[in-house]
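Please read them with the coordinates open beside you.

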Amino acid sequence: MSDLSHVDRYPEIPVSLLASRGVLRTGEWRNMRPVARERRAPCSDACPAAVPVPRYLHLLAQGRLREAYETFTLRNPFPAITGRVCPHFCEAACNRDPYDGPLSIRALERYLGDAAAGLGLVGPEGETGKSVAVVGSGPAGLAAAYYLRRSGHRVVVYEKREKPGGLLRYGIPEYRLPEAVVDAEVARLGALGIEFRTGVALGPGMSLEALKEAHDAVVVATGAWEGRPMGMEGESLLEAGLEYLEQVARGHHTLPGRRCAVIGGGNTAMDVARVLRRLGGEVTVLYRRTAAEMPAIPEEVAAAARDGVRFEFLSLPRAAAKEAGALRLTVERMRLGEPDASGRARPEPTGETVDLEFDAVFKAVGERADLAPFPDAMRQEPGGWLAVGSDGSTADGAVFVAGDLATGPATVVEAIARGRRAADAVSARLGGGYDLPAWAAEESPDVVAPVEVNHAYFSRRARVEPSEVPPADRVGGILGEETAGIAAADALAEIERCFSCGYCNQCGTCFVFCPDAAITWDDGPVFDYDYCKGCGICSVECPGHVLLFVRERDDG
Amino acid sequence: MGERMLLTGNHAAAHGARLSRVQVISAYPITPQTTIVEELSEMVASGRLQAKFLTVESEHSAMAACVGAAAAGARTYTATSGQGLALMHEMLHWAVGARLPVVLSNVTRAMAPGWSIWSEQTDFLSQRDVGWLMLFAENVQEAQDFVIWLYRVAEQVYLPGMVAMDAFILSHTSEPLIVHDQDRVDAYLPPFRPLYDLDPAEPRAYGGLVNRDHYYEMRFKMYENMERAGPLLAEAGREFGEVLGFPYAPVEPYMIDDADYVLVSAGAMTSNVRFAVRLLRERGIKVGLLRLVAFRPFPFEEVRRYLGGRAKVAVLDRNMSPGHSGIFAQEIRAALSQGAPPTDVYGYVLGIGGRDIRVETVVEAVEDLLARDHPERCLFVGVKGLPIGPVRPDAEVRPLEPLEAEASG
C-alpha cells in the first residue's frame with residue numbers, strides 16, 4: 001500500500017497552522033476607515049455653560065456619582081440650582097425632540113445636584129498667591145468665585161445684602177428655588193476657603209479703585225436690579241416686581257391688595273404673579289404681545305395658568321390713577337406687527353383702550369444695571385453701557401464683569417457661564433488655572449445633527465416629567481418647593497432615552513457588529529486596522545454616531 | 001426505564017435535543033418545524049435545559065450560528081423544514097467542511113412553488129451530496145432517539161448529521177414513546193470534545209483559502225470518515241438497544257426472508273407499507289419490506305444482501321428527481337449494480353405534496369408490480385385520472401386558458 005502519511009499530517013479542516021495575526025493583513029484592502037471621534041451634542045452646544053450632558057449622564061447611569069458631579073461642575077458648579085430654575089435651552093435643542101420628545105435634562109440635572117448634596121467641589125491644586133475680589137454674589141459672582149478659587153487664587157466675595165446669593169436668594173421665589181439649596185452651595189464655596197463679606201456695596205464706601213488696591217483683580221457681577229421706567233402716566237403708583245419678590249424672600253408674606261395686576265411677560269412677571277396667587281391674590285398678567293412671544297420659561301407660564309393666573313395679552317398699560325382706594329389702569333389694546341430685533345412680532349398700538357380696576361399693580365418689564373460705580377473710561381460712550389469683551393474683560397485690565405452686568409438681564413445659566421469665563425480670563429492674566437480633562441481640552445465644535453442618530457436603537461418612550469409636590473406636603477408651606485425631584489429609577493430610565501449624540505457611552509454595538517472582529521474593547525472601541533476591511537458597518541450602526549467613516553487618505 | 005409519554009414527533013425531537021444536553025440551539029421557525037423550537041425555547045427558559053437559545057433572522061443565519069457555536073466547542077442543534085433547509089444549504093457545506101458535528105431535525109416538506117407545507121422528502125434528499133449523515137425517522141420514538149444516536153456517531157467522525165421527519169404525519173401526530181432517563185443517555189452519549197479549540201489567545205484563520213495541493217486531501221479524509229461512519233452507526237445503533245432499550249440499524253427488514261417481491265421505503269410511510277405487506281401476505285403474496293433508516297452513509301452491504309436476486313424490487317419514493325426517477329430508486333439500482341445478482345428494480349413515485357399514502361395505495365402499487373413483466377424506471381402512483389404508469393410520451397405544454405368569465409364575455 002502506498003504511503004499516505006503525508007495526507008494524515010494535513011489538518012482535518014482548513015485552519016492556519018500559525019496564529020493568523022500578521023499573516024494576511026486584510027486591512028490593506030481598505031479605502032475607508034472608521035474613526036471614533038467624540039463630537040458635541042446639541043444639548044451641550046445650546047447650553048450657555050456648555051455642560052457635557054451625555055457624558056455626565058452616562059457616568060450617572062454607571063453609578064459614578066462623583067465623576068458625574070465633577071464632570072458637570074467643570075462647566076457649572078451648581079447643578080442643584082440650574083436643575084431647578086434653568087430655562088433648559090438644552091431640551092429645546094435635543095435631537096430626541098422630533099422623535100418622541102426631548103430628554104428631561106433639567107430634571108436629571110436636579111437629580112444629579114440633589115444626589116451630590118454630600119460631595120464637595122473640586123478645589124485648587126495649589127495657591128497662586130494672588131487675590132481676587134468678586135463683587136456681587138448672584139449666580140455670576142458665585143460661579144466666578146468658584147473657578148477663581150479652583151484656579152488657586154485667594155477669593156473675597158463682597159455682597160451688598162446681608163446674605164450671599166443675590167438674585168438666587170432674593171429674586172427667585174422659594175417655591176422654585178428653596179433658600180436651603182442656595183445656602184448649601186454657598187457653604188460648599190466657603191469650604192474651599194472663599195471668603196464672603198456681606199453688607200458691603202460698591203459705591204462711595206467701597207470704590208472700584210480701593211478694591212483694585214486691595215486685590216490683584218476685580219470681578220464685578222452686581223446684576224441688574226433697577227426697574228426700567230415704562231414712561232407711563234402715574235407710573236409711581238406701581239410697585240416694582242423684583243422688589244416685591246425680595247420683600248417676600250425676606251419673610252414679609254403680605255398681599256398688598258386682593259385684585260393684583262402684573263405687567264410683563266418674563267420670568268420675574270411669572271414669579272410675581274405666582275407668589276401673589278399663593279398669598280391669595282386674584283392675579284391678572286398684562287402683556288403687550290401674545291403667549292408665543294413671552295420670554296418666560298414656558299413651564300412657568302403654564303404653571304401660572306394652572307395656579308389660576310389670568311392673562312390679558314396684547315395689553316399695554318398707558319396710565320394709572322388712584323380712584324376710590326383702587327387703581328384704575330388704562331390699557332391700550334395692541335396688535336402684532338413685523339418682527340423686531342429680537343425676532344419676535346412687534347406690538348403695535350391700536351388706539352383702542354380699556355379701563356381695568358386693581359388694588360395693586362406690579363411692574364416686571366425688565367431691569368437694568370446700576371452703572372454709577374463705573375468711570376466713563378470703561379463705557380462704550382460717556383454715560384453709556386459698559387464696554388465688555390466676551391470674556392468679561394473691560395478697558396481696565398484689572399477689572400472684569402460678569403452676569404447681567406455684562407449681558408443685560410439674562411438667565412441664571414448665562415450668568416454662571418459668564419462668571420466662569422471671567423474667572424478664566426482673570427487666570428489668563430494672573431496665572432493659575434485648573435487642569436482640563438482630555439475631553440474638555442480637545443472638545444470638537446462639530447454638532448451632531450438629528451439625521452446622524454441611528455433611531456433603530458431607540459424605541460419611542462415618553463419622557464419622565466417631574467411631579468408636583470402636593471400643596472399640603474410642601475416644605476415651608478404655601479411658598480415651599482413645588483416640584484419634586486425624580487426618583488433614581490426614573491432618572492436611570494430617562495438616561496436610557498439619551499441618544500448620547502457624539503459621545504461614546506460604551507454601548508458595544510460596534511463590537512458586536514464588526515464582521516471582521518477588528519474591534520477590541522478598552523472602555524470603548526479600539527480598531528485593529530490590520531484587519532479592519534473598512535466595511536463601515538460600525539459607523540452606520542453606531543447609535544449616537546461617534547464612529548465616523550472617513551476616506552483612508554484623509555487624516556480623519 | 002424512562003418515562004412513557006404521549007408526544008408529537010416535534011416535541012419528541014425537542015426531548016432528543018434536551019437529553020443530548022445540547023449547549024446551543026439556533027433556529028428560525030417554519031411550519032411544520034415550529035413546535036420543535038418552541039418546545040426547546042420553553043425548556044431553556046424554564047431552566048430544564050441549560051443551553052443558549054439564539055433567535056436569528058433566517059435559516060442561513062441559524063446554521064451560521066450553529067457553525068460558530070460548534071467551532072467554539074458547543075454541542076449544537078437546530079431544526080428546520082423545506083424552504084428553510086434549502087436556504088441553509090450553503091451553511092450545510094460550511095458545517096461539514098469545518099468538520100463540525102452539528103445535528104439538525106428536518107421536518108420534510110414539499111418545495112415551493114406552489115406553496116405547500118405538506119409531506120414530501122425532496123427537500124431533505126436535495127442535500128444528498130453535502131456530506132452530512134442522513135437518517136429517516138419513522139415514528140415519534142425515533143424522532144427523539146435519532147437525535148441522540150446521531151450525536152454519538154457525528155462526534156466520533158466530526159461530521160454533522162440530520163434526521164428526516166415527515167411533515168404532520170410524524171411531526172404533529174402524537175404517539176406514546178419512552179422519554180429516556182437523563183443518566184442513561186449520559187451513559188450512552190459522552191460530552192462533546194471538539195476537534196480544534198477556538199482559543200482567542202492564539203487566533204487562527206478558520207475556513208480560509210486552501211491551495212490546490214491541499215483541498216483534495218482534506219475532502220479525501222472527510223470521505224474516509226464518512227465511510228467510517230457506516231460501521232460506527234451500526235455499532236452505536238446496537239449499543240442504543242443495550243443502554244436505552246431501542247436497538248437501531250441502518251436498515252430494517254420485515255417479512256423479507258422468503259420474499260420474492262421486496263418493497264423499499266423510508267420514513268413515516270413505512271408504517272402503512274408494513275401493514276400492506278401483512279395484508280398481502282394474508283393473500284398469499286410473498287412480499288417483504290426493506291426500510292432504509294440510514295441514507296448517508298448509504299447501507300450498500302445491507303441493500304445488496306437483502307435485495308440482490310429477488311424476483312422484483314419496488315422502491316416507493318415520496319420524492320422525485322425530474323429527468324431520472326425517485327431518488328431512492330436510483331440509489332438502490334446503483335447499490336445493486338455492484339456485486340449483487342441481477343435484480344429488477346421498479347421505481348414508484350407516490351405521496352408527492354402530501355398526497356396520502358394509504359395502505360390501499362401500497363396494495364395497488366404491489367398489484368401493479370405483479371402485473372408488470374419488465375422493470376420501469378419511474379411509475380407514478382395516484383396522479384388524478386391516470387392509472388399507475390410512466391409519464392405520457394405525448395405530454396405537451398398548454399397555454400393558459402382564458403378564465404371562464406372572460407371567455408363568455
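The points below take up the basis of the values, then aromatic contacts, a helix pair and some backbone details.

1. Basis of the values. This is a predicted model, in which local features need pLDDT of at least 70 and side-chain atom pairs count only at pLDDT 80 or more, whereas totals for chains, interfaces and linings use all residues. Residues are numbered from 1 along each chain as its sequence is written, chains are lettered from A and ligands numbered from 1 in the order in which they are written, and side-chain values use heavy atoms, with hydrogens and water left out.

2. Aromatic pairs. Over all chains, a search of the whole structure finds 21 aromatic pairs, where rings of Phe, Tyr and Trp (its six-membered ring) pair if their centres lie within 6.5 Å, and planes under 30 degrees apart count as stacked, over 60 as edge-to-face and the rest as tilted. B:Phe124 and B:Phe136 form one edge-to-face pair, with 5.0 Å centre to centre and 75° between the planes. That pair links distant parts of the chain, since B:Phe124 belongs to helix 5 (residues 122-125) of chain B and B:Phe136 to strand 6 (residues 133-136) of chain B, 12 residues apart; helices (H or I, at least four residues) and strands (E, at least two) are DSSP runs, numbered from the N terminus. B:Phe124 counts as buried at 0% relative accessibility, and B:Phe136 counts as buried at 1% (buried means under 20% relative accessible area, exposed over 50%, partly exposed in between, with a 1.4 Å probe and protein chains only).

3. Charges over rings. The charged end of B:Arg296 sits over the ring of B:Phe295, 4.6 Å from its centre, the criterion being NZ of Lys or CZ of Arg within 6 Å of the ring centre and within 35 degrees of the ring normal. The charged end of B:Arg274 likewise sits over the ring of B:Tyr254, 5.7 Å from the ring centre.

4. A helix pair in chain A. Helix 3 (residues 53-61) of chain A and helix 8 (residues 105-115) of chain A pack at an angle of about 50°, with their axes 11 Å apart; axes are lines fitted to C-alpha atoms, for helices over the stretch in contact, and angles run from 0 to 180 degrees between N-to-C directions. The contact (heavy atoms within 4.5 Å) involves A:Val53, A:Tyr56, A:Leu57 and A:Leu60 of helix 3 of chain A, and A:Ile105, A:Leu108, A:Glu109, A:Tyr111 and A:Leu112 of helix 8 of chain A.

5. Backbone details. Most residues other than glycine have a negative phi, and most peptide bonds are trans. Another cis peptide bond joins B:Ala112 and B:Pro113, with omega about -15°. A:His545, although not a glycine, has a positive phi of about 55°, and A:His545 counts as buried at 16% relative accessibility.
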